[in-house]
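Welcome, and take a moment to look around before reading on. The paragraphs below walk through charged pairs, aromatic rings and nonpolar cores.

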Amino acid sequence: MYKMKSDINFSLTHEMLENEENERIHTSYAQEKAILECVSNGDIHALENTYYSLPTTVYGKMTSSNSKLKLLFYASIANTTLVTRYAIEGGLNEETAFSLSDVYIRKMEQCTDVDALMKLNEQMAIEFTLRVAEAKKTPKNYYSPAISRVIDYIYHGKNKTLTLNQLASLVNLTPKYLSALFHKETGQTLTVFIHKVLIEKAQNLLAYSDYSLGEISTYLNFSSQSYFISIFKRYTGITPGQYRKMHRQISW
């Protein structure tokens with residue numbers, strides 16, 4: 001049977017007494033849960049109201065350092081971790097959630113000001129909530145295991161040329177049967193679906209990176225930049241250059 005170590009008990013007792021003497025009581029679980037549920041529900045209005053109506057969040061002392069900035073940074077990591085998990089529960093794609101978490105933690109690490117870090121914490125929760133809300137707009141489709149695996153591979157596999165034969169081999173189906181099954185379950189041909197996924201990735205790169213059109217075209221494995229531009233315009237109605245001008249959102 002596991003026995004609690006006396007040194008941990010000693011440290012816990014000391015920590016609780018010190019917190020009481022300094023009136024440093026942690027933010028209640030109910031308060032944290034109220035915010036996290038707003039994230040999971042994708043309810044941005046409730047999140048904003050909750051932030052304004054609840055008392056200021058009080059984080060524990062997660063390091064021996066007396067630096068307020070360092071204390072807040074450790075707390076920010078814990079907060080981002082929780083928000084990420086609740087966003088995934090709310091329907092946000094796992095890889096998107098974990099990657100967004102990494103982006104915000106790196107930005108938090110660069111903060112040199114307590115107020116700026118607090119604002120970034122709030123921005124992080126708002127960003128996740130908005131993305132959950134967007135994810136909830138798309139109804140969940142329940143595909144067969146084979147089609148689900150193909151879709152996951154198209155989204156998360158390496159950016160290389162995808163062929164019908166290759167995808168059919170992945171799920172042990174004949175190319176003809178996979179093609180028919182994919183169209184039946186999704187209402188789209190494999191080619192159209194792959195193009196849409198590539199254009200979605202291209203849109204993110206155009207809006208959030210400094211990569212040139214040629215670099216994006218190569219990264220997404222289009223046969224040429226002109227072909228990339230042609231496909232992009234076919235599905236969006238505008239050129240990649242026009243899209244970048246309209247959606248440029250680099251802020252760091």
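What follows is a short tour, starting with how the model is to be read.

This is a predicted model, in which local features need pLDDT of at least 70 and side-chain atom pairs count only at pLDDT 80 or more, while totals for chains, interfaces and linings use all residues. Residues are numbered from 1 along each chain as its sequence is written, and side-chain values use heavy atoms, with hydrogens and water left out.

Let us begin with charge. Side chains of opposite charge can pair when their charged atoms come close. A salt bridge here is a side-chain nitrogen of Lys or Arg within 4 Å of a carboxyl oxygen of Asp or Glu. Searching the whole structure turns up 3 salt bridges. One of them joins Glu37 to Lys33, with the closest N and O atoms 2.9 Å apart. These two residues sit 4 residues apart in helix H2 (residues 29-41), so about one helical turn separates them. Helices are DSSP runs (H or I, at least four residues), numbered from the N terminus. Glu37 is partly exposed at 36% relative accessibility, and Lys33 is partly exposed too, at 24%. For these labels, buried means under 20% relative accessible area, exposed means over 50%, and partly exposed is in between (1.4 Å probe, protein chains only).

Helix H6 (residues 114-137) holds Glu127 and Arg131, 4 residues apart and thus separated by about one helical turn. Their salt bridge has its closest N and O atoms 2.8 Å apart. Glu127 is partly exposed at 24%, and Arg131 is partly exposed at 29%. Also in helix H6, Lys137 and Glu134 are 3 residues apart, again about one helical turn. Their side chains meet in a salt bridge at 3.3 Å, N to O. Here Lys137 is exposed at 63%, while Glu134 is partly exposed at 47%.

Now turn to Ser217, in helix H11 (residues 213-219). Is this residue buried or exposed? With 3% relative accessibility, Ser217 counts as buried. Its contacts (heavy atoms within 4.5 Å), not counting residues up to four places away in sequence, are Phe222, Ser224, Gln225 and Phe228. The side chain of Ser217 also reaches the backbone oxygen of Ser224 at 3.3 Å.

Two of those neighbours lead us to the aromatic rings. Rings of Phe, Tyr and Trp (its six-membered ring) pair if their centres lie within 6.5 Å; planes under 30 degrees apart count as stacked, over 60 as edge-to-face and the rest as tilted. The count by this rule is 7 aromatic pairs. Phe222 and Phe228 make a tilted pair, because their ring centres are 5.1 Å apart and their planes meet at 50°. Phe222 is buried at 10%, and Phe228 is buried at 0%. Ring pairs link both into a cluster with Tyr227, Phe232 and Tyr243.

A nonpolar core is a set of buried Ala, Val, Leu, Ile, Met, Phe, Trp, Tyr and Cys residues joined through side-chain atoms within 4.5 Å. The largest has 29 residues, of which Val150, Ile154, Leu167, Leu178 and Phe232 touch the most other members. Helices H7 (145-156), H8 (164-170), H9 (175-186), H10 (190-208) and H12 (225-236) each give two or more residues to this core. H10 supplies the largest share, 9 residues. Apart from this core lies another, of 18 residues, among them Val39, Ala87, Leu117 and Val132.

Definitions and conventions: Polar contact = N/O pair within 3.5 Å; in protein donor to acceptor, adjacent residues only side chain to side chain.
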